[in-house]
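My entries follow in the order in which I looked things up.

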Amino acid sequence: MKENIKSVVVLTAICLVVAVLLAYTNSITAPIIEANKAAKASGSLLEVMPEAAGFENITETLANLPATVKEVHAETSGLGHVMILGTTTQFSSDEMGITVAIGADGKISNVLLTGYYESKDFGADYPATYIGQDSALGGVDTVAGTTFSSTAFKDAITDAFNVLIENNLVAAGQKSEEQLIAETMPLALPGCVNSLGNPVTVPVEGVAAPITQAFKAKNNCGYIYVVSTDAGSVVVGVNAFGVAQAFDLEGNDVTATATDAVAAAVAAAPAIATENLEANLATVTNSFPEGAEIVAIEGLGTFTDVVAAFSATAGEETQYAVITMPLGYGDEAMKMLTVFNANGEVLAYKTLSEMIIHGEYYADHQLTDESAYKAQFVGLTEGTYSDDMTLVAGATMTANAVNSSFHSAFEAFNLIKEVVA
Amino acid sequence: MKKLGILLKGIIKENPVLVLLLGTCPTLATTTGVVSALAMGIAATAVLICSNIVISALRKAIPDKVRIPCYIVVIAGFVSVVQMLMQAYFPDLYDMLGVYLALIVVNCIILGRAEMFARKNGIIDSALDGIGMGIGFTLALVVMGSIREIIGAGTWAGIELTALKPYAISIVTAAPGGFLVFGCLIALVNKLFSGKSKKTEFSCEGCPNAAACNKATCETEVKEETK
């Protein structure tokens with residue numbers, strides 16, 4: 001008994017002494033360990049802002065952080081901010097890592113690419129082109145050949161600026177008129193915008209005042225005009241049916257007020273739907289019941305990728321056909337036809353140009369061939385259609401184009417029904 | 001003279017790694033490079049010396065029944081202290097050693113020396129034993145780390161050996177190479193010091209299986225004596 005008590009006492013005493021020793025050591029080393037950890041964490045921050053005295057992580061205190069902005073660190077002496085960004089919107093799904101230093105003057109003082117997993121490099125010099133830029137990013141552009149990656153990079157940097165501007169940490173940079181026009185074009189004619197949000201157009205030469213610039217959508221869904229007015233430039237989108245909408249450079253819809261600009265644009269725009277009427281008619285005739293009376297629909301107010309629409313009446317039954325030209329792989333336009341019955345059910349879905357999907361993708365999608373892929377849409381309505389149905393692994397661009405085509409076709413059908421009603 | 005013998009025996013004659021075959025796990029794990037091997041050796045030596053001194057000092061106070069838990073608490077305490085100090089003052093080495101630093105607690109060399117030497121000898125002798133064994137452990141690690149790093153990576157302590165770099169055999173830095181080099185070193189030490197290395201401190205006294213063992217004499221002792 002005595003020996004047992006002694007054992008307990010000795011072991012307890014040793015434990016207590018060791019605990020005191022550990023507590024003392026911890027009291028000495030804990031602050032140093034914390035400082036080491038902080039120094040390690042700020043190592044990458046110092047790399048982009050070497051003159052920094054220290055950093056304070058203010059990520060939690062900021063509002064409206066987009067997914068791309070991972071961390072925001074304020075330099076303690078007021079030199080600016082260092083932000084850690086990550087984006088998966090590039091070509092592959094691996095995250096691109098960016099550390100950017102934005103000075104108190106609202107300009108990028110340094111930028112570092114910390115993670116890049118694309119097979120195609122957009123060049124070591126590309127990030128450096130952002131140094132000295134303010135939030136307007138006036139002097140940088142995307143890189144041809146690595147459009148997705150460079151756009152993702154640019155968007156991430158834009159997100160970083162937006163966070164600082166929205167939280168009143170830096171002042172917004174002044175954008176040039178050219179930049180503002182480029183940003184307004186997707187609003188004026190969304191149908192010509194690719195999956196990256198960039199309008200895919202070709203410039204039109206020989207414009208006359210008051211039109212200063214003109215662009216034709218590569219997918220033939222309309223024209224975009226920049227019209228000079230007393231209140232400044234207005235961007236007017238004219239769709240394939242000759243219907244226009246106008247926006248000022250702040251992104252406000254001025255269709256109702258900028259009537260002269262709208263009229264000038266409409267007058268200048270060739271009527272795409274009319275120009276291609278014969279060819280489109282030949283395309284849809286086979287899809288309608290034999291002997292049906294086919295009428296080309298005019299003045300359709302959709303600004304999507306719809307390029308033509310028809311109705312066909314045979315006896316009591318009326319069907320509608322919508323031709324769309326969404327942008328697919330490599331920003332190539334793909335021509336598609338969707339035929340609806342009067343209730344908005346898809347009767348047929350056809351691709352009038354080559355679908356850039358190979359056989360194995362259908363197998364991945366548990367579909368036997370292209371016709372089976374298309375057949376799955378028959379019978380659907382806007383309510384029963386799902387974006388997931390178009391997905392084909394490995395053919396994302398084409399699948400997105402199909403998806404875009406359906407959304408455009410459903411919208412066009414609803415507008416047609418409104419007109420008919 | 002006796003004290004010098006205690007100090008020196010751990011270096012070659014009773015080298016804990018190459019003769020007593022203790023601490024094999026950290027030896028194989030941390031000898032991929034010289035720097036990590038040296039760091040592990042120094043950390044283990046510090047713990048070994050301190051724990052030997054404390055256990056020797058407390059040898060009369062610690063009841064036999066709870067001696068192993070007491071040793072573990074003392075050793076774990078010193079390991080934690082070393083861990084905290086390394087994390088504070090040598091963070092790179094701390095990161096390099098990783099989990100093996102904490103695993104010094106269960107290093108057979110430390111518990112083995114506490115059980116076989118410190119509990120039977122005075123503080124000075126135990127400290128010398130700790131120093132000798134620590135140096136022996138460190139030397140073995142550094143030699144093994146040097147061989148593996150030079151042959152396996154063509155570098156030494158991170159310094160590139162230009163002539164050897166193209167001929168590096170990377171498997172030597174991997175686990176199979178560790179066993180290979182370890183075996184070769186044991187063979188070499190056995191060859192060089194054949195008959196001179198003695199494991200005389202293995203005996204029934206202090207053997208954890210002593211109570212359950214019915215043999216009249218310790219087989220290990222008999223084998224050593226008949227050599």
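**Entry 1: α3 and α8 of chain B**

I started with helix α3 (residues 34-57) of chain B and helix α8 (residues 123-153) of chain B, whose axes come within 8 Å and cross at roughly 165°. Since the model is a predicted one, I take this as a computed geometry. An angle over 145 degrees counts as roughly antiparallel, and α3(B) and α8(B) are therefore roughly antiparallel to each other. I noted the crossing of α3(B) past α8(B) as right-handed. I then sorted the residues of the contact of α3(B) with α8(B) by class and got 19 nonpolar, eleven polar and two charged.

**Entry 2: α3 and α7 of chain B**

I stayed with α3(B) and turned to helix α7 (residues 108-118) of chain B. The axes of α3(B) and α7(B) come within 10 Å, and the crossing angle is roughly 30°. An angle under 35 degrees counts as roughly parallel, so α3(B) and α7(B) are roughly parallel to each other. I recorded a right-handed crossing for α3(B) past α7(B).

Which residues make the contact of α3(B) with α7(B)? From α3(B) I listed Ala44(B), Val47(B), Leu48(B), Ser51(B), Asn52(B), Ile55(B) and Ser56(B). From α7(B) I listed Ile109(B), Ile110(B), Arg113(B), Ala114(B) and Ala118(B). By class, the contact of α3(B) with α7(B) holds eight nonpolar residues, three polar and one charged.

**Entry 3: chain B as a whole**

I counted ten helices and two strands in chain B. Along the sequence I read the pattern α-α-α-α-α-α-α-α-β-β-α-α. Chain B has 227 residues, and 39% of them are buried. I also looked at contacts in chain B between residues at least 6 apart in sequence, and 75% of these join residues at least 24 apart.

I picked out one residue, Ala29(B), which sits in helix α2 (residues 24-30) of chain B. Ala29(B) has 18 C-beta neighbours inside 10 Å, so I logged Ala29(B) as partly exposed. How far apart in space are Ala29(B) and Leu97(B)? From C-alpha to C-alpha I get 9.1 Å, while the two residues are 68 apart in sequence.

**Entry 4: where chain B meets chain A**

I found 17 residues of chain B in contact with 16 residues of chain A. Helix α4 (residues 67-89) of chain B gives the largest share of the side of chain B that touches chain A, with eleven residues. By class, I sorted that side of chain B into 13 nonpolar, three polar and one charged residues.

I counted eleven helices and 15 strands in chain A. Of the 421 residues of chain A, 35% count as buried. For contacts in chain A between residues at least 6 apart in sequence, I noted that 52% join residues at least 24 apart.

I then traced an open sheet of five strands in chain A, in the order β11-β12-β13-β14-β15, with antiparallel pairing. At the edges I marked β11 (293-296) and β15 (346-351) of chain A, each of which pairs on one side only. From one strand to the next the twist averages 20°.

I went through the pairs in turn:

- β11(A) and β12(A) pair in the antiparallel sense over four bridges. Across this pair, Ile294(A) has Ala312(A) in β12(A) as its bridge partner.
- β12(A) and β13(A) are antiparallel and share eight bridges. Here I found Val306(A) opposite Thr324(A) in β13(A). The hairpin of β12(A) and β13(A) has two residues between the strands, and Gly315(A) in this hairpin takes a positive phi near 70°.
- β14 (residues 336-340) of chain A is joined by five bridges to β15(A), and the two run antiparallel. Val339(A) stands opposite Ala348(A) in β15(A).

Is β12(A) mostly covered or mostly open? I logged β12(A) as mostly covered, with seven of its nine residues buried.

Last, I checked what lies across the sheet. Helix α8 (residues 277-285) of chain A lies across β11, β12 (306-314), β13 (317-324) and β14 of chain A. I put the angle at which α8(A) runs to β11(A) at about 140°.

Conventions:
Residues numbered from 1 in each chain as written. Chains lettered and ligands numbered in written order. Predicted model: local features only at pLDDT ≥ 70, side-chain atom pairs only at ≥ 80, totals over all residues. Pairing = 2+ DSSP bridges. Axes fitted to C-alpha atoms, helices over the stretch in contact; angles between N-to-C directions. Contact = placed C-beta atoms within 7 Å. Nonpolar A, V, L, I, M, F, W, Y, C, P; charged D, E, K, R; others polar. Parallel < 35°, antiparallel > 145°, perpendicular 65-115°, else oblique. Left-handed = near helix turned anticlockwise from the far one by under 90°. Buried ≥ 20, exposed ≤ 12 C-beta atoms within 10 Å, placed from the backbone.
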